[in-house]
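Please read them beside the coordinates.

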Amino acid sequence: MNPTSGTAKQKQVPGTVKIGTLTVKPATFLAPIADITDGPFRRIVRSFGDVGAVFTEMISSDAYTRSCERTLHMAAFTEDEHPIFFQIVGKDPARMAQAAILAETAGADAVDINMGCPSSTITRHGSGSALLKDLKLAESIVSAVRKQISIPLTVKIRSGWNRDSLVFSEFGKMAEENGVNAIFFHGRTRKEMFRDTVHYEDITRLKSECSIPVIGNGDIKDRDTLEKMMDTGCDGIMIARAAIKKPWIFAELLSGFRLSPKELISIMEKQFRELTEIYPEKLALHKMKTLSGWYSRSIPGGKKLRSGLNRIHSQAELTVLLSEFKNEISH
Ligand SMILES: Cc1cc2nc3c(=O)[nH]c(=O)nc-3n(C[C@H](O)[C@H](O)[C@H](O)COP(=O)(O)O)c2cc1C
């Protein structure tokens, strides 16, 4: 008997998605992750394959349009990273539009507007997920940006501010009416932050209501959670946290790729070298400590590495720590 016949469920994998004029294949996206998805990280994720497009970390439209040096650094990307979605955050329509023009000029493949970040450092200024409380302002931003760029425009949203104010349907409609080309949807409210599980039913509903692509986001970390997300009918998937623990997660999910702990340490050493080339020592060390904390969760005995990280204060110490740890593990 054909094993795929009868009631056996076909495995679903992300196919191709068309976002405006951009075709993304496979329809898999590395999420924007503040302080993490910089150039070196994006290139490592890309090197494993099976990622259709990557996102910059969120770029403040205020800082970017004022040419703040640190932000210009964060916003930079290289030829081998395309297609790349440039995420902007802010609440002033004119400034957001100006930032979008700069992103287009810099060669970004698409601009994404952050309407989902729950962090109070962002929401207290009325940006990120605070926009979910102000549909009119959100619409002014989208419309101002849309008028100024010709590359695809997307929005990244959550379900609403809390479960008593679910607004994803209204935001989906608004996005569609204002020429947005796709919606990245993390199916939780701002209040839920990262708690409990993602509301797959919200994603299913938005997908049934929208004619533009809906990319499902939230909790994807293995084949089972990928299937659950694909069951919503979404047009593609986006991953954040699992990619910080395993930058090869897309290749693992789509091609069954595995990476040994020893190989992961080698990747960390390479990434650390790249970080020290582009950032001052203190910042490179801070970034690498944060990343190593996440990576170590994919390594048996990684707790020892994490506690070692707390004790180091220089690049040289980190190099020694990684090399000693690598020698201690068997494969
Ligand atoms: C450390 C961290 C930083 C994040 N930074 C951003 C960001 O800059 N912009 C954004 O839209 N979302 C940001 N997010 C949210 C993720 O892009 C994603 O929507 C969320 O983590 C859910 O996906 P996941 O379950 O795959 O992690 C961040 C999440 C984390 C954990």
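Predicted model: local features only at pLDDT ≥ 70, side-chain atom pairs only at ≥ 80, totals over all residues.

1. The ligand sits in the largest pocket, and the protein has 16 residues around it, of which Gln-87, Lys-156, Asn-217, Asp-219 and Arg-241 come nearest. By residue class, the shell around the ligand divides into eight nonpolar, five polar and three charged residues.

2. Which atoms of Asn-217 and Asp-219 lie 2.6 Å from an oxygen atom of the ligand? For Asn-217 it is a polar side-chain atom, whereas for Asp-219 it is a backbone N or O atom. Asn-114 also places a polar side-chain atom by the ligand, in this case 3.3 Å from a nitrogen atom.

3. Taken on its own, the ligand has 600 Å² of accessible area, and the protein covers 89% of that area.

4. Turning to the overall layout, the protein is divided into domain 1, spanning 17-255, and domain 2, spanning 261-328. The centres of domain 1 and domain 2, taken over C-alpha atoms, are separated by 28 Å, and 17 residues of domain 1 are in contact with 15 residues of domain 2.

How values were computed. Residues numbered from 1 in each chain as written. Heavy atoms only, no water. Near = heavy atom within 4 Å. Polar contact = N/O pair within 3.5 Å; in protein donor to acceptor, adjacent residues only side chain to side chain. Areas by Shrake-Rupley, 256 points an atom, 1.4 Å probe, with all protein chains shown as cover. 1 Å grid on protein atoms, 1.4 Å probe; cavity = no way out; pocket = protein on both sides within 12 Å on 5 of 7 lines; lining within 4 Å. Sits in = over half its atoms within 2 Å of the grid points. Nonpolar A, V, L, I, M, F, W, Y, C, P; charged D, E, K, R; others polar. Domains from an automatic or database assignment. Contact = heavy atoms within 4.5 Å.
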